[in-house]
Amino acid sequence: MVKGDNVKNVAVIGGGIMGSGIAQVALLSGYEKVTIIDLNTEILEKSRQTIEYRIESLESEEKFKKFISRYENTSEARQNIDFKQKMNEFKSVGVIAHGVDTESIMSRLKTEIDISKGVNDADFLIEAVSEVLDLKQKVFKQLSKYSPPHTLLASNTSTISITKIAKFSERPEKVIGMHFHTFFPIFGMLIELTPGEKTIDKSLKLGYEIAQKFPCLIGDRFTVQLEKESPGFIANRIAMAGSLYYSWFLEEAIKNGITLKQLEAAGISFEGADHIGVDTIYNTAKYFEENVSPDFAPSKRVEDLVKAGRLGIKVGKGYYEWNENGPIKDLEPVEEKTTKYIQENFKPDIFLAISLNEGCRLLEEGVVNSCELLDKVILKGTFMQGPFVRGKDKYKELVAILDEIVKKTGKLYLKPCEMMKSGKFLSYK
Ligand SMILES: NC(=O)c1ccc[n+]([C@@H]2O[C@H](COP(=O)([O-])OP(=O)(O)OC[C@H]3O[C@@H](n4cnc5c(N)ncnc54)[C@H](O)[C@@H]3O)[C@@H](O)[C@H]2O)c1
């Protein structure tokens, strides 16, 4: 296994939303060469332009402020970045803040259509192709065939088992999950590292070293290593349980004659889905349906969007039509029945109850063995307090809420688990 300091060349397979973001942080980590591999030159050119634009935005505080202002709904954390301080912290980068320009950084970026050429001198590679198991298995077979034997192979999958992805690779011991939690890696602190059944410790150790080196503009990079794999790891596993209820909430609204436009007018936004990619959301739900519970089957609404090719920002349309200023919205006044529906069905404690239950399941399954650590993962990934700190003192009340929503939605997956009902989680650190 190659040592962290000897990792010189990085390859990123898939130059879409995540591949572009990962290649950006890899370039800023100072690697000698970063190669993106994708299916055709048009995609690769688009990826190159995205990265260049994002790196240029770091050239000065003025450019950075302008760049950030394009993201109207940008979080407070993004607005409050101390640009000068952050640039000086980017020691590993040794770049922009220290007088190196975008052009020289971009000269380290290569693009390639032929995977056998793109990975043949990579020391570390990370796969970020679409969230489809067969595709990832095919790619990993090629990766183990064409990359040098010492190369560490990572997948940025959001949900899929690393054991399954590594199945046809010739070196499953060197395959890890390295999941960047946000669609914009430089703005997200959290990276989840996951072993497959055959992954060896040395692979995880090197993965940790590499992950911690990726620069992050908001706070310090936070890489967490899971005890074992689980669909959706920690953060997405909890998010998916919440989305099960959220999806019911939307379908039920429509059944009651409340349109998505009405919900939007009342402050419920669908922008996040367009950023993530509606196809990624669909594929994730499918994976959960097949591997966790049939309750997770994608909704007709999501299925229809995918069929219509409305995949989100990456194609310029999804829930919204997008132009260079953002999503085009034509809001309508909020009707009383919409407000009432939201007040009755969108209470924060419902989502807290679901998150606490899922956190307890992760303890039960041994994916994580500390409530504090799980809370930290949620805080670093979402900027919100975790479910244990928020819910532990009123867990009995939250159990009752879960019983109620199971009755209301018919989603049996939301039943409180033993660990939550018994309060046994309180004995964990
Ligand atoms: N979008 C998110 O918010 C997000 C966050 C974390 C992780 N992820 C995960 O990252 C991965 C990529 O997601 P994305 O949002 O970047 O998707 P995307 O659709 O934006 O990009 C996928 C890219 O893979 C390319 N591709 C497909 N088959 C290929 C092949 N055989 N060889 C090379 N390239 C190929 C496609 O052309 C496309 O450019 C998925 O596993 C997803 O679950 C996504």
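Modeller: Before we start, the classes: Ala, Val, Leu, Ile, Met, Phe, Trp, Tyr, Cys and Pro count as nonpolar, Asp, Glu, Lys and Arg as charged, and the others, Gly among them, as polar.

Colleague: Fine. How do the residues around the ligand divide by class?

Modeller: The shell has 13 nonpolar, 11 polar and three charged residues. Bear in mind that this is a predicted model: local features need pLDDT of at least 70, side-chain atom pairs count only at pLDDT 80 or more, and totals for chains, interfaces and linings use all residues. Residues are numbered from 1 along each chain as its sequence is written.

Colleague: Which residues are closest to the ligand?

Modeller: G14, G16, M18, S158 and F183 are the closest of the 27 that surround it. A residue is near a molecule if its C-beta atom, placed from the backbone, lies within 6 Å of it.

Colleague: And which elements supply at least two residues each?

Modeller: Those are α1, α8 (133–146) and β6 (175–180). Helices (H or I, at least four residues) and strands (E, at least two) are DSSP runs, numbered from the N terminus. α1 gives the largest share of the shell, three residues.

Colleague: Where does the ligand shell lie relative to the domains?

Modeller: Between them, because domain 1 (4–225) and domain 2 (234–424) both give residues to it. Those bounds come from an automatic or database domain assignment.

Colleague: Is α1 mostly covered or mostly open?

Modeller: Mostly covered, with 12 of its 12 residues buried. A residue is buried if 20 or more other C-beta atoms lie within 10 Å of its own, exposed if 12 or fewer, and partly exposed in between; C-beta atoms are placed from the backbone.

Colleague: What follows α1?

Modeller: G30, with a positive phi near 95 degrees.

Colleague: Which residues have a positive phi without being glycine?

Modeller: F233 has one of about 55 degrees, and F383 has one near 65 degrees. For context, most residues other than glycine have a negative phi.

Colleague: Where is F233, and is it buried or exposed?

Modeller: F233 sits in the loop between β8 and α11 (235–255). It counts as buried because it has 26 C-beta neighbours inside 10 Å.

Colleague: And where is F383?

Modeller: In the loop between α18 (371–382) and α19 (387–391). F383 has 14 other C-beta atoms within 10 Å, so it is partly exposed.

Colleague: Switching to the domains. How many Å separate their centres?

Modeller: 27 Å, taken over C-alpha atoms. The contact takes 19 residues from domain 1 and 19 residues from domain 2. Two residues are in contact if their C-beta atoms, placed from the backbone, lie within 7 Å.

Colleague: What supplies the domain 1 side?

Modeller: β7 (190–195) and β8 (222–225) each supply at least two residues there. By class, that side of domain 1 has nine nonpolar, seven polar and three charged residues.

Colleague: Now L44. Where is it, and what does it touch?

Modeller: L44 lies in helix α2 (residues 41–56). It touches G15, I36, D38 and T111, leaving aside residues up to four places away in sequence. L44 counts as buried, because it has 20 C-beta neighbours inside 10 Å. I113 is 69 residues from L44 in sequence, and 8.4 Å away C-alpha to C-alpha.

Colleague: What about M419 at the other end? Which helix holds it?

Modeller: M419 is in α21 (residues 418–422). Leaving aside residues up to four places away in sequence, M419 touches C360, L363, E364, K424 and F425.

Colleague: Last one. How many helices and strands does the chain have?

Modeller: 21 helices and 10 strands. The C-alpha trace spans about 55 × 45 × 40 Å along its principal axes. Buried residues make up 43% of the 429. Among contacts between residues at least 6 apart in sequence, 71% join residues at least 24 apart.
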